[in-house]
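Work through the exercises below with the sequence and the model open. Try each task before you read its solution.

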Amino acid sequence: MADPNLFVKAMAFTKTAHRDIYPAVQPTRPELSQSGKVIVITGATRGLGRGFALAFAQARAHAIALLGRSAEALAETEKQVKEISPATQVLRILVDVLDEAGIGAAFEEIVAQVGMPDVLINNAGYCKLETIAESSVESFWKVQEVNVKGLLIVTKAFLKSIESDQTQPEHHKQRTILNLTSVSTQNNPVTMDSYTISKVALNKFTEFLAAEHPSITAINLDPGMVATDMGNSVELIAPFLHDTVELAAAGAVWMCSGDKSFLSGRYVSVNWDVDELEARREEIVRENLLVESGLTRGLVPTAEELVIQP
């Protein structure tokens with residue numbers, strides 16, 4: 001029988017690992033309040049997207065904009081948000097992340113209705129199980145379109161929507177972008193080829209975003225191994241899907257609370273204990289940990305040993 005904690009162990013960074021929500025990330029904690037904030041979530045129709053919306057409702061966000069492709073599912077997410085926090089304003093926007101004009105209009109509506117967004121969660125994604133040889137160019141590229149081009153379209157619209165605020169230092173505030181990554185980027189899971197490649201691109205996208213926009217905390221959020229519709233569709237990871245939606249969503253709220261700039265441009269798993277992360281903030285920045293950049297090369301030649309031929 002496969003060890004259900006195999007991936008948690010392989011990706012360990014903190015001494016304590018979590019697979020379900022725990023007190024430090026409980027969204028109802030006053031320290032994690034999202035009061036006054038406008039949250040935008042793509043793929044908010046089910047699974048993690050809906051979970052994020054509910055957690056930010058628990059944290060009493062001022063407004064939550066739900067973006068997705070199913071009107072019925074968005075309405076259900078809104079209903080559940082309102083049951084938790086009647087005071088939270090909810091915008092339901094039917095749009096595909098690949099519809100550039102539609103996404104632009106969505107952010108214009110968000111600003112007009114509830115104000116400039118403070119948090120963007122790029123949750124929408126697509127997975128096609130096939131190897132490089134098995135795939136068609138079209139099927140392989142569709143994954144890149146949704147997971148990379150869609151990410152680009154939504155993020156650029158977010159950046160445009162806050163432009164005026166960014167040019168006025170007196171109105172400056174820290175904003176957060178969470179890009180949903182995957183543990184598959186740290187492995188080579190055969191048949192998840194196109195999906196993993198798209199997520200590696202996403203990881204680097206986040207690093208560039210953090211470097212170019214220091215006033216925005218941009219984090220690669222690994223939601224853990226969750227039994228969502230997408231997760232359940234991947235047979236090879238089925239034995240390991242024991243993390244909860246609630247853990248991933250609560251982790252997202254924590255990442256959007258207080259000063260988390262020490263994690264900007266970095267890969268962060270919700271399995272990692274947040275108190276230990278906080279305790280290691282100086283080490284993480286000083287040693288430039290948790291980034292994609294750099295190769296593990298084992299023993300390398302010293303400057304004295306290295307010979308560079310002309």
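**Exercise 1. How many of the residues of strand S1 are buried?**

Step 1. Locate strand S1, residues 38–42. Strands (E, at least two residues) and helices (H or I, at least four) are DSSP runs, numbered from the N terminus.

Step 2. Apply the burial cut-offs. Buried means under 20% relative accessible area, exposed over 50%, and partly exposed in between, with a 1.4 Å probe and protein chains only.

Step 3. Count. Five of the five residues of S1 are buried, and the strand is mostly covered.

Step 4. Sort them by direction. Val-38, Val-40 and Thr-42 point one way from S1, while Ile-39 and Ile-41 point the other way.

Before going on, note the ground rules. This is a predicted model, in which local features need pLDDT of at least 70 and side-chain atom pairs count only at pLDDT 80 or more, while totals for chains, interfaces and linings use all residues. Residues are numbered from 1 along each chain as its sequence is written, and side-chain values use heavy atoms, with hydrogens and water left out.

**Exercise 2. In what order do the seven strands form the open sheet?**

Step 1. Strands of a sheet pair through backbone hydrogen bonds, either parallel or antiparallel.

Step 2. Check S1 and S2. They pair in the parallel sense over five bridges. Ile-39 stands opposite Ile-64 in S2.

Step 3. Check strand S4 (residues 119–122) and strand S5 (residues 175–180). They pair in the parallel sense over four bridges. Ile-121 stands opposite Leu-178 in S5.

Step 4. Read off the order: S3-S2-S1-S4-S5-S6-S7, with parallel pairing.

Step 5. Find the edges. Strand S3 (89–94) and strand S7 (267–269) each have a single partner strand, so one side of each lacks a neighbour in the sheet.

**Exercise 3. Which residues lie nearest the centre of the largest pocket?**

Step 1. Define the search. On a 1 Å grid over the protein atoms alone, a pocket is an open set of points with protein on both sides within 12 Å along at least five of seven lines; a cavity is a set where a 1.4 Å probe fits but cannot get out; lining residues have an atom within 4 Å of a point.

Step 2. Take the volume. The largest pocket holds about 1200 Å³ of space. Grid points are joined across faces, edges and corners, and a volume is the space filled by probe spheres set on the points.

Step 3. Name the central residues. The lining has 49 residues, and Asn-123, Ala-124, Gly-125, Tyr-126 and Met-230 lie nearest the centre.

Step 4. Trace the elements. Those giving at least two residues each include helix H2 (47–58), strand S2 (63–68) and helix H5 (137–161).

Step 5. Class the lining: 25 nonpolar, 17 polar and seven charged. Ala, Val, Leu, Ile, Met, Phe, Trp, Tyr, Cys and Pro count as nonpolar, Asp, Glu, Lys and Arg as charged, and the others, Gly among them, as polar.

**Exercise 4. Which element gives the largest share of the lining of the second largest pocket?**

Step 1. Take the volume, about 290 Å³.

Step 2. Compare the suppliers. Helix H4 (100–114) and H5 each give at least two residues. The largest share, seven residues, comes from H5.

Step 3. Class the lining: five nonpolar, two polar and five charged.

**Exercise 5. Which element gives the most to the lining of the largest cavity?**

Step 1. Search the whole structure. Four cavities of 30 Å³ or more turn up.

Step 2. Take the largest cavity, with about 80 Å³ of space. Its lining includes Thr-42, Asn-123 and Lys-199.

Step 3. Pick the element. H5 gives the most, with five residues.

Terms used: Pairing = 2+ DSSP bridges.
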